[in-house]
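Please examine the sequence and the structure shown here before reading on. The briefing that follows is arranged by topic.

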Amino acid sequence: MSKKMNLLITTSLALLVAPSLALAVDVGFSETFDADVAGWEDNVNNPLGWVSTGGADGGGYASTTFNFLGYTNPFGGDGGPVTFRASFSDNASGGAFVGDWLTEGVGAIQMSFRHDAPEPLTLYLRVATRFNFPGAVLDQPVAVPSGAWTDVVIPINPFSPACTPEGYPNCAAAFSAVETFQIGVNASAGLIDDDFAYTLDLDRVTILPIPEPGTALLMGLGLAGLSLGARREEKD
C-alpha cells in the first residue's frame, strides 16, 4: 500500500474517532423541553412538536404522531419505529447525551412518556455513531398504559441479553461512543391494522448515574442471563 494511501486512511480514521474522544456525556442532565424541543427530531428527521404546558412536570414537552398502519421494519426486525431522535449533528440538548456512557458512568436513562394509543406500548432506546451505524438497541419490557404520563427507566447494561449490537462486536463498544441517541416505540399487531396517527409525548429525559455499588450490580444482572425477550430493531 502506498504512503499516500496510508496517510489517507489514517487521516480518515482520525476524523471519525477524534470528535468522540472530545465529547463528554452530561450525567445528571435532564431534558425537560421547557423552552422548546432542544433540537430533537421525529421519525423522519423533522423537528418534534412542542407544547408549552401540560408536561409531566407541568411545563413544556415534546410531541409527535405516528401512524402504524401496515408498518414493517425495513431491517427485518419485529419492532416499531424510532420516534424521538437526539443527534450530534443537531446539537440536541446541547450535546448532553453525546460521549462515552461507560467511562462517564451512565447508569440508566429515565423518561416520562405518554400516548393515546388504544393499548399499552413498550419503548426501546438505540445509540449509534453520528452516521447512525454501527450502534446498539436496548429493549425494556414495561408496558406503558394509554392516557397518562408514565416514568420509564432503562438501565444501561451492555451485558444484558436485552441489548443487541448492530455492526459492533458487543454493546459495550456502542455505549462507549454515543453520538446519536434515539427512543423508539414497539409496534403491536393491533396497531398495525389501525389507520390512525397516534400521539406520542416525551418529557424529562434524564441521564441517571450508576448507583452504588452500580458497576457490580449491572455486571451481575448481565451475567445472570436475565431474558427480557426479543429485541426491537430499528436503524432509521
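A disulfide is a pair of cysteine sulfur atoms within 2.5 Å. In general terms, a disulfide is a covalent bond between the sulfur atoms of two cysteines. This is a predicted model, in which local features need pLDDT of at least 70 and side-chain atom pairs count only at pLDDT 80 or more, while totals for chains, interfaces and linings use all residues. Residues are numbered from 1 along each chain as its sequence is written, and side-chain values use heavy atoms, with hydrogens and water left out.

**The disulfide**
- The structure holds 1 disulfide.
- Cysteine 163 and cysteine 171 form this link, with their sulfur atoms 2.2 Å apart.
- The link of cysteine 163 and cysteine 171 is left-handed, with -110° about the S-S bond.
- Cysteine 163 counts as buried because its relative accessibility is 8%, where buried means under 20% relative accessible area, exposed over 50%, and partly exposed in between (1.4 Å probe, protein chains only).
- Cysteine 171 also counts as buried, because its relative accessibility is 2%.

**The protein as a whole**
- The protein has 4 helices and 11 strands; helices (H or I, at least four residues) and strands (E, at least two) are DSSP runs, numbered from the N terminus.
- Of the 236 residues of the protein, 46% count as buried.

**Strand β4**
- All 6 of the 6 residues of strand β4 (residues 82–87) are buried, so this strand is largely enclosed by the rest of the structure.
- Strand β4 runs antiparallel to strand β10 (residues 180–185), and 5 bridges join them; two strands pair if DSSP finds at least two bridges between them.
- Arginine 85 has glutamine 182 in β10 as its bridge partner.

**Threonine 129**
- Threonine 129 lies in the loop between β6 (123–128) and β7 (135–139).
- Threonine 129 counts as buried because its relative accessibility is 12%.
- Leaving aside neighbours within four places in sequence, threonine 129 is in contact (heavy atoms within 4.5 Å) with Pro134, Tyr168, Ala177, Glu179 and Thr180.

**Threonine 122**
- Threonine 122 is found in the loop between β5 (106–115) and β6.
- Not counting residues up to four places away in sequence, threonine 122 touches several residues, including Gln140, Pro141, Gly184 and Asn186.
- The C-alpha atoms of threonine 122 and glycine 80 are separated by 9.5 Å, and the two residues are 42 residues apart along the chain.
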